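Here are my notes on the model you sent over.

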Amino acid sequence: MTHVYEPRLSRIAIDKLRPTQIAVGFREVELKRKEWRETRKKDGDGFLGSHIVPVVAGPKDRIYLIDHHHLVLALSKEGVEHVLTSVVARFSHLGKDEFWSVMDHRNMIYPFDAHGLRRQPADIPKNVNDLEDDPFRSLAGALRMAGGYAKVIIPFSEFGWADFLRRRINHDLLVDSFDEALAEAMKLAKSREARHLPGWCGVEE
């Protein structure tokens with residue numbers, strides 16, 4: 001997701017950031033934890049300074065995280081307490097129900113659980129450390145990194161791929177053999193069956 005950030009940045013405690021999705025891919029979170037550990041000693045401040053987190057100001061002046069959930073959860077698990085944020089929208093004047101309606105219409109929330117089922121905004125965790133694990137989101141992330149599809153500026157595009165893969169790849173295979181599941185995902189990604197998905201890199205006949 002791409003946003004135009006305000007020039008003014010704020011340092012906010014991670015435990016004050018409220019998620020706008022229910023699930024992430026824990027495998028991807030672990031990769032970001034590894035990236036942080038490798039960077040922390042050499043240029044930890046530079047890393048944090050270059051990863052600005054977009055947020056929305058909501059009712060009761062609560063701050064909602066609208067991107068980089070994997071990174072923020074990884075940093076939290078690594079003991080980082082604060083991140084730099086930039087407000088991309090201010091909806092603090094709205095009531096709770098209207099706030100969630102506006103967020104939904106602007107594609108700023110993804111209220112689907114780890115099984116790909118749509119839930120109510122009330123089911124979205126209030127802390128990043130309570131996010132669920134969706135292994136198919138990890139598979140979708142790994143598939144993109146392997147060149148299965150292109151990165152695009154469309155909100156939650158990886159979750160679209162995750163849902164596509166969820167319907168076609170056996171869950172047990174994914175849990176037991178990630179590499180084998182990734183190979184199967186690569187074949188599916190190049191097929192015309194996936195041509196409706198953002199970033200598809202297959203060949204039209």
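This is a predicted model: local features need pLDDT of at least 70, side-chain atom pairs count only at pLDDT 80 or more; totals for chains, interfaces and linings use all residues.

What follows is a set of numbered points on the sheet, the helices and the charged pairs.

1. Five strands make up an open sheet, in the order β1-β6-β4-β5-β2, and the pairing is mixed. The edges belong to β1 (10-13) and β2 (17-18); each has a single partner strand, so one side of each has no neighbour in the sheet.

2. Now look at β4, which covers residues 53-57. How many of its five residues are buried? Five of the five are, so far as the cut-off of under 20% relative accessible area goes. In a regular strand, side chains alternate between the two faces of the sheet. In β4, Val53, Val55 and Ala57 point one way, while Pro54 and Val56 point the other way, and all are buried.

3. With β6 (residues 82-90), β4 runs parallel, and five bridges join the two. With β5 (residues 63-65), β4 pairs in the antiparallel sense over three bridges. There, Val55 stands opposite Leu65. β4 and β5 form a hairpin with five residues between them, and Lys60 in the turn has a positive phi of about 60 degrees.

4. On to the helices. Two packed helices are described by the angle between their axes and the distance between the axes. For α1 (residues 26-50) and α2 (residues 69-77), the angle is about 70 degrees and the axes are 8 Å apart. The pair is therefore roughly perpendicular, as 65 to 115 degrees is the range for that label. On the α1 side the contact is made by Phe26, Glu28, Val29, Lys32, Arg33, Trp36, Phe47 and Leu48, and on the α2 side by His70, Leu71, Leu73, Ala74, Leu75 and Lys77. Sorted by class, that gives nine nonpolar, one polar and four charged residues.

5. α2 deserves a point of its own. This helix is mostly covered, with eight of its nine residues buried. The buried ones are His69, His70, Leu71, Val72, Leu73, Ala74, Leu75 and Ser76. After α2 comes Gly79, which has a positive phi near 90 degrees.

6. Is Arg137 buried or exposed? Arg137 sits in helix α4 (residues 135-145) and is buried, at a relative accessible area of 6%. Leaving aside residues up to four places away in sequence, Arg137 touches Val24, Gly25, Glu28, His70, Glu158, Phe159 and Ala162. Two of these names come back from the helix packing: Glu28 on the α1 side and His70 on the α2 side.

7. Next, the charged pairs. Side chains of opposite charge can pair when their charged atoms come close. Searching the whole structure turns up 13 salt bridges. One of them joins Asp104 and Arg118, at 2.6 Å from N to O. That pair links distant parts of the chain: Asp104 belongs to helix α3 (residues 96-105), Arg118 to the loop between α3 and β7 (132-133), and the two are 14 residues apart. Asp104 is partly exposed at 28% relative accessibility, and Arg118 is partly exposed as well, at 46%.

8. Which residues form salt bridges with Arg119? Asp113 is one, with the closest N and O atoms 3.2 Å apart, and Asp123 is another, at 3.4 Å from N to O. The accessibilities are worth a look here: Asp113 is buried at 6%, whereas Arg119 is partly exposed at 32% and Asp123 is partly exposed at 35%.

9. Last, there is a network to trace on screen. Salt bridges link Glu30, Arg33, Arg37, Arg40 and Glu78.

Technical notes
Residues are numbered from 1 along each chain as its sequence is written. Side-chain values use heavy atoms; hydrogens and water are left out. Axes are lines fitted to C-alpha atoms, for helices over the stretch in contact, and angles run from 0 to 180 degrees between N-to-C directions. Helices (H or I, at least four residues) and strands (E, at least two) are DSSP runs, numbered from the N terminus. Angles under 35 degrees count as roughly parallel, over 145 as roughly antiparallel, 65 to 115 as roughly perpendicular and the rest as oblique. Contact means heavy atoms within 4.5 Å. Ala, Val, Leu, Ile, Met, Phe, Trp, Tyr, Cys and Pro count as nonpolar, Asp, Glu, Lys and Arg as charged, and the others, Gly among them, as polar. Buried means under 20% relative accessible area, exposed over 50%, partly exposed in between (1.4 Å probe, protein chains only). Two strands pair if DSSP finds at least two bridges between them. A salt bridge is a side-chain nitrogen of Lys or Arg within 4 Å of a carboxyl oxygen of Asp or Glu.
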